[in-house]
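This briefing sets out the contacts, cores and charged pairs of the structure shown below. It is intended for reading alongside the sequence and the coordinates.

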Amino acid sequence: MQENKKLSKYGIIFILPFLIVYLVFNIYPILRTLYLSFTNFRGYGEATFIGIQNYSRLLSDDMFIQSFINTLKIWGINIIVQLGMALGLTIIFSDIRYKVKGLSVYRAIFFLPNLIATASVALLFQRLLDWQYGPVNQILLNAGLIDKPINWFGEPTSAIVIVSLIGAWMWFGNSFIVLMAGVQGISKDYYEAADIDGASRLQVLRYITIPLLKPVLIYVGVTSLIGGLQIFDLPFLITDGIGAPRGSLNTMVMYLYNTMFRYSNVGYAGAIAYGIFFVIIGFSLVLFKFVNKKGKEEIR
Amino acid sequence: MKLKKILATLSLLVTAFFLTACIRDEDKITLPDSGNNKIVVWTFNEDLKYMAEKYKEVNKDKEVEVVIIEANDYFIKANSALRGRSAVPDILVGEADWIIPFYEAGYFEDLSSDPYNADEFKDKIIDYVYEVGLDKENKIRALAYQTTPGGIYYRRDLAKKVWGSDDPKFVGEKFSSLSEIKKTATELNQYGIKIFPDMGSLRYFSMGENMDPWVVNDDVTLSQNRVDYFDVTKEIYDNKEVAFASEWSPGWYAGMNGSVPYNAAGKEEMVDIFGYTLPTWGMIFFRNSGKDMSGNWGITTGPNPYIWGGTFVGINKYSKNKNSAWEFLKFTTLDEDTLTWWSESRGDVVAYLPVLEKMKDKKNEYLGGQKTYEFWTEQAQKVDYSKVTKYDREIEKYFTQAVGSYQEGKMSKDKAIEQFYRNVKTIYPELKIPNKK
């Protein structure tokens, strides 16, 4: 008994550093933001309690709704391309008939874009895709593929697609590594058996790889969803800070940032932060429910 | 005996003198100072770093630590620190278009009060610079070493080619109003010359000759000049009379040194850029990027005076080294020797009138021998800071967005204006917009 008490005391001591950091840097800001979201605090001076005014404003805020739609568009294109590329490469690299050598080298190459600072990536693509002086337009013009330079960042559709593709380029290596780890966890016996039975590549993919990789795919999907709905740095750096062209790259977190730091409306920014939180919770629940339903159906 | 008496009287007098002096000193200097002779400066450019080096050369016993924070992050970092009533930094800076919230938050020391009494320098400082430093109660919160009015830098050879004259006054007439700018753009385009590098170069002229403010008594106002701005700029855009080299892009810099490739019209050609809308500090870019064009640029006026940037310096209200901070602040913004050295070594245009007066006849060889100090002083004196509001910076962003949508044919003018109003109301609900807009 005495020994147990001693142990529990040590346990508390050991978790204390983490607990303190967690309380100060996670729990306190969360609660403080909640409190501020019910005030009209502007970042200085007094904070006056205004009830749910900020939340009712949020529900009818066109800019927030637009930023939500923009975020979904960017994330939607991004996840399809990112996961598609990662899965495609995983299939090639895991196919025992291809016997691709040098997996670790490829893994490193694919992961490299993820190591470049987003600010550098934004600058790089701004220069590459510059309307008048960008090499991409120059190459396309010289090759005769276009007769006029394309203003890539001047049109909402092309701007959204480009930002999504840059995001996919930056993150597909990461997804590839996770998916490859998942594939390597699948027993080779299944593939050998399929090979002996004369299964086609498509059948192997459909009946072995995808079903057994499902938990990993869910993990990649959920982390991408949470990260994707919080996309900020790339659209912020690549545009004029308010989501040009015509606000099409104004994402939810960008709107939160601008409300907080540019428009000095801390109270409302708190409400936006909670708005984003509920959006992410909502989407995650839908995703989990969808996956669980599918899982149950498969068991049946 | 007599000598003793004299000595005693003298010693009494000396003691009395020192006592009085001490009492007077105590009356005057009430500023707190930790006594470690070190101050910390938070700034967003290298100017105060050079100033601090000079300060340390002159004051060997003083130490100044200059922390340079990226300009976009400055407001956020300083705001976070001061909201927590941090005593560091001792010296704070701000720019004209975002310093007002700092005043409202009460972060800056009142420099009108005793013992600073900075009001005494009012007549020696450019009016608008002095006004930027004032809070709502007309108390001085910040001072500036520089003034940053804007103008139009133009190519003299091109002006001569088109009009036969490169005289700044003559060229200024060609930019005297939005409609004149439109005519000039068309005229230059006929010679294969683009009036500006990009559409953004026109943004400072939406204000017009009347210098209409954005916000009057909490009402957002779109003056007639700004409504006209939509149409004028659309015509320029449609006729492709600018080079479409966006600000700070390689093409934008390249235009300072000669022709640039242009293919917005569908065929690759080389074009010259006639002018750049830039303030005093724009000179640095010309010197660096337009080395082959020395003597070939000039400077003239646009439809209205404007300001762009400018570093304003103040003392943190919670600083524990206010005395040392004030010494440094005086050295950088109110000291004639420092400001003369700064003007001569850096080519910057200071806000201190005695120095401007001294420099007024100095010719700028890069700008074809123009007396630039005289020019900038005149421009700075025309700036009416009462028209500037704390909302301007963000409102202008949404105005540019609305104008862009109309220029590119994505929205009708009415729809673009309606969206502009809606966006401004969204970000600043406290402002009023016209009904049905």
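In this predicted model, chain B and chain A bury an area of about 3000 Å² between them. Carbon and sulfur atoms give 52% of that area. The size of an interface is often given as the accessible area lost when the parts come together.

**Interface between chain B and chain A**

- On the side of chain B, 39 residues are in contact with 30 residues of chain A.
- Asn263(B), Lys397(B) and Thr426(B) supply 16% of the area that chain B buries against chain A, which is more than any other three residues.
- Four salt bridges are counted between chain B and chain A.
- One salt bridge joins Glu408(B) to Arg246(A), with the closest N and O atoms 3.1 Å apart.
- A network of salt bridges links Glu155(A), Arg246(A), Glu408(B) and Lys410(B).
- Six residue pairs in polar contact, with both residues at pLDDT 80 or more, are counted between chain B and chain A.
- Several elements of chain B each supply at least two residues of the side that touches chain A: α3 (71–83), α4 (100–105), α10 (250–254), β9 (260–262), α16 (392–407) and α17 (413–427).
- By class, the side of chain B that touches chain A is made up of 19 nonpolar, eleven polar and nine charged residues.

**Nonpolar cores**

- The largest nonpolar core has 187 residues. Those with the most contacts inside this core are Tyr74(B), Tyr153(B), Phe274(B), Trp326(B) and Phe420(B).
- Helix α3 (residues 62–94) of chain A gives the largest share of this core, nine residues.
- Another core, of 20 residues, lies apart from the largest one. Among its members are Leu141(A), Ile166(A), Met170(A) and Ile231(A).
- Leaving aside neighbours within four places in sequence, Phe420(B) is in contact with Trp214(B), Val220(B), Leu222(B), Ile395(B), Tyr398(B), Phe399(B) and Ala402(B).

**Salt bridges within chain B**

- Over all chains, the structure holds 28 salt bridges. Side chains of opposite charge can pair when their charged atoms come close.
- Lys38(B) and Glu65(B) form a salt bridge whose closest N and O atoms are 2.9 Å apart. This pair links distant parts of the chain, with Lys38(B) in strand β1 (residues 38–43) and Glu65(B) in strand β2 (residues 63–68) of chain B, 27 residues apart.
- Lys38(B) counts as partly exposed because its relative accessibility is 26%. Glu65(B), at 35% relative accessibility, likewise counts as partly exposed.
- Glu109(B) forms a salt bridge with Lys322(B), the closest N and O atoms being separated by 3.2 Å. Glu109(B) lies in the loop between α4 and α5 (127–132) of chain B, and Lys322(B) lies in helix α12 (residues 322–333) of chain B, so the pair ties together parts that are 213 residues apart in sequence.
- Glu109(B) is buried, with a relative accessible area of 11%, and Lys322(B) also counts as buried at 11% relative accessibility.
- Lys330(B) and Glu327(B) form a salt bridge in which the closest N and O atoms are 3.6 Å apart. Both residues lie in helix α12 of chain B, three residues apart, about one turn of the helix.
- Lys330(B) is partly exposed, with a relative accessible area of 27%, and Glu327(B) counts as partly exposed at 33% relative accessibility.

- Ser201(B) is found in the loop between β6 (193–194) and β7 (215–216) of chain B. Ser201(B) counts as buried because its relative accessibility is 4%, under the 20% limit.
- Not counting residues up to four places away in sequence, Ser201(B) touches Phe196(B) and Thr277(B).
- Asn78(A) lies in helix α3 of chain A and counts as buried at 9% relative accessibility.
- Asn78(A) and Ser164(A) are 86 residues apart along the chain, and their C-alpha atoms are separated by 4.6 Å.
- Not counting residues up to four places away in sequence, Asn78(A) touches Ser164(A), Gly167(A) and Ala168(A).

How values were computed. Residues are numbered from 1 along each chain as its sequence is written. Chains are lettered from A and ligands numbered from 1 in the order in which they are written. This is a predicted model: local features need pLDDT of at least 70, side-chain atom pairs count only at pLDDT 80 or more; totals for chains, interfaces and linings use all residues. Side-chain values use heavy atoms; hydrogens and water are left out. A nonpolar core is a set of buried Ala, Val, Leu, Ile, Met, Phe, Trp, Tyr and Cys residues joined through side-chain atoms within 4.5 Å. Buried means under 20% relative accessible area, exposed over 50%, partly exposed in between (1.4 Å probe, protein chains only). Helices (H or I, at least four residues) and strands (E, at least two) are DSSP runs, numbered from the N terminus. Contact means heavy atoms within 4.5 Å. Buried area is the accessible area (1.4 Å probe) that two parts lose on being put together, summed over both. A salt bridge is a side-chain nitrogen of Lys or Arg within 4 Å of a carboxyl oxygen of Asp or Glu. A polar contact is a pair of N or O atoms within 3.5 Å; within protein, one must be able to donate a hydrogen and the other to accept it, and residues adjacent in sequence count only if both atoms are side-chain atoms. Ala, Val, Leu, Ile, Met, Phe, Trp, Tyr, Cys and Pro count as nonpolar, Asp, Glu, Lys and Arg as charged, and the others, Gly among them, as polar.
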